[in-house]
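Thank you for making time this morning.

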Amino acid sequence: MSDPAISATGTKKVTCREKGRFESDTVDYTASPLLDVRELKKHFPVRTKDLFRPARDFVRAVDGVSFFINPGETLALVGESGSGKSTTARLILRLLEPTAGEILFEGRSLGRLGPEMMRQARKQMQMIFQDPYASLNPRLTVEEIIAEPLQIFHVGSPVERSRKVSRLLDIVGLASRHAKRYPHEFSGGQRQRIGIARALALNPKLIIGDEPVSALDVSIQAQVLNLLKDLQEEFGLTYLFIAHDLSVVEFVSDRVAVMYLGIIVEMADKETLFRHPLHPYTQALLSAVPVPDPDCRRERIILPGDIPSPVNPPAGCRFHPRCQVCREVCRREAPVFREVKPGHYVACHIRGQGSEARGRKEEVGDGGQETVDGGGT
Ligand SMILES: Nc1ncnc2c1ncn2[C@@H]1O[C@H](COP(=O)(O)OP(=O)(O)OP(=O)(O)O)[C@@H](O)[C@H]1O
Ligand code: SF4
Ligand SMILES: [Mg+2]
């Protein structure tokens with residue numbers, strides 16, 4: 001991240017004088033982050049027909065992403081399809097090697113850990129997948145599925161593992177009689193509970209949920225979200241919760257990071273992001289969130305076109321071809337991701353930039369009607 005303020009995560013750079021600046025009801029900026037992601041990049045080479053010629057083009061799936069998550073906190077990572085959310089998750093779990101950047105877990109850089117230390121770190125980070133039908137091995141019983149991570153890490157005897165499976169089934173709201181059954185005998189919500197039990201087996205600190213409820217019916221979604229919340233409270237879990245729309249994350253998250261075409265464009269605590277979104281992309285995502293009060297209607301913002309190709313992202317601000325308040329400067333210069341209010345970061349030339357943006361508007365001289373702060377919906 002180009003703004004040095006954003007890298008002032010946790011205690012590391014927060015001096016006593018600065019502490020006041022970072023005060024927040026939801027975020028403890030004085031805590032040491034459990035996960036600290038810095039300038040993370042993943043560029044996939046685009047293969048040409050000639051296998052021996054080096055790739056000239058790259059899919060910039062993740063292109064300089066930074067965020068932190070404090071222990072016990074839930075950070076939601078939201079963005080439409082193709083914005084790089086799953087790639088970010090896979091990089092954190094080291095299922096992919098980053099092109100650049102650093103991931104610190106409990107203060108230690110994962111890239112510098114030897115194989116045994118990395119193995120230990122992996123135990124602390126588990127994933128819940130989107131599709132509870134595809135993510136469970138259909139040939140294994142529920143007991144075998146949940147006990148598999150324990151076996152891989154040589155935890156306990158077979159009897160102890162079996163006891164642990166019963167306990168985990170109970171924790172996620174299933175019965176021990178389910179242990180000998182196969183995944184196809186369960187509903188989608190029950191399968192996701194099995195996936196959660198498996199993720200809990202090694203007592204992890206961090207759980208990454210990659211769209212863990214998107215494939216479920218709405219009524220079942222609420223049950224699974226409630227379960228995740230209860231588990232967080234009971235076991236002090238830390239979550240990175242990935243979703244493609246904001247409606248799901250309102251209930252579970254403490255803070256929200258909005259991702260677009262490989263970068264984070266806005267990040268704030270949940271209340272600020274939902275009440276005072278600044279980035280036009282966040283505002284468009286938020287306009288799609290249903291409001292329960294019929295007297296309080298949000299005007300839906302329909303973005304033109306699709307998300308551009310990450311092989312050749314637009315120059316300047318990546319969002320400019322779809323932005324309703326785009327200015328000349330936006331086509332030229334990439335906006336800096338900066339802290340506009342304590343804990344509220346945004347990458348936009350116009351929104352949240354106060355007098356600076358007013359000056360820029362005059363400089364650009366486009367006569368736009370846009371208010372400088374954008375405001376909430
Ligand atoms: N192994 C790969 N090789 C090449 N390109 C890839 C690879 N994995 C992902 N991509 C590309 O990287 C971009 C980001 O993909 P990613 O799956 O991270 O997005 P996402 O935000 O999780 O999307 P969705 O909401 O659809 O799951 C996409 O354009 C995708 O096609
Ligand atoms: S920098 Fe410009 S194009 Fe990008 S989101 Fe802001 S106003 Fe829109
Ligand atoms: Mg994904």
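The shell around ligand 1 divides into four nonpolar, eight polar and one charged residue, where Ala, Val, Leu, Ile, Met, Phe, Trp, Tyr, Cys and Pro count as nonpolar, Asp, Glu, Lys and Arg as charged, and the others, Gly among them, as polar. Before I go on, please keep in mind that this is a predicted model, in which local features need pLDDT of at least 70 and side-chain atom pairs count only at pLDDT 80 or more, while totals for chains, interfaces and linings use all residues. Residues are numbered from 1 along each chain as its sequence is written, and chains are lettered from A and ligands numbered from 1 in the order in which they are written.

Which residues come closest to ligand 1? Of the 13 that surround ligand 1, the closest are Phe44, Ala61, Ser81, Ser86 and Thr87, and a residue is taken as near when its C-beta atom, placed from the backbone, lies within 6 Å of the molecule. Strand E2 (57-69) and helix H2 (85-92) are the elements that give two or more residues to this shell, and H2 provides the largest share, with three residues. Helices (H or I, at least four residues) and strands (E, at least two) are DSSP runs, numbered from the N terminus.

Let me stay with H2 for a moment. Seven of its eight residues are buried, so H2 is largely enclosed by the rest of the structure; buried means that 20 or more other C-beta atoms, placed from the backbone, lie within 10 Å of the residue's own. Among these buried residues are Ser86 and Thr87, which also belong to the closest residues around ligand 1. After H2 comes arginine 94, whose phi is positive, near 60°.

Turning to the strands, we find an open sheet of four in the order E2-E1-E4-E5, with antiparallel pairing, where two strands pair if DSSP finds at least two bridges between them. Its edge strands are E2 and E5 (108-109), each pairing on one side only. Strand E1 (residues 35-46) pairs with E2 over ten bridges, valine 46 having aspartate 57 as its bridge partner, and E1 is joined to strand E4 (residues 100-105) by five bridges, with glutamate 102 as the partner of arginine 38.

Finally, ligand 2 has 15 residues around it, of which Cys317, His320, Cys323, Cys330 and Cys348 come nearest, and its shell divides into ten nonpolar, three polar and two charged residues.

Notes. A residue is buried if 20 or more other C-beta atoms lie within 10 Å of its own, exposed if 12 or fewer, and partly exposed in between; C-beta atoms are placed from the backbone.
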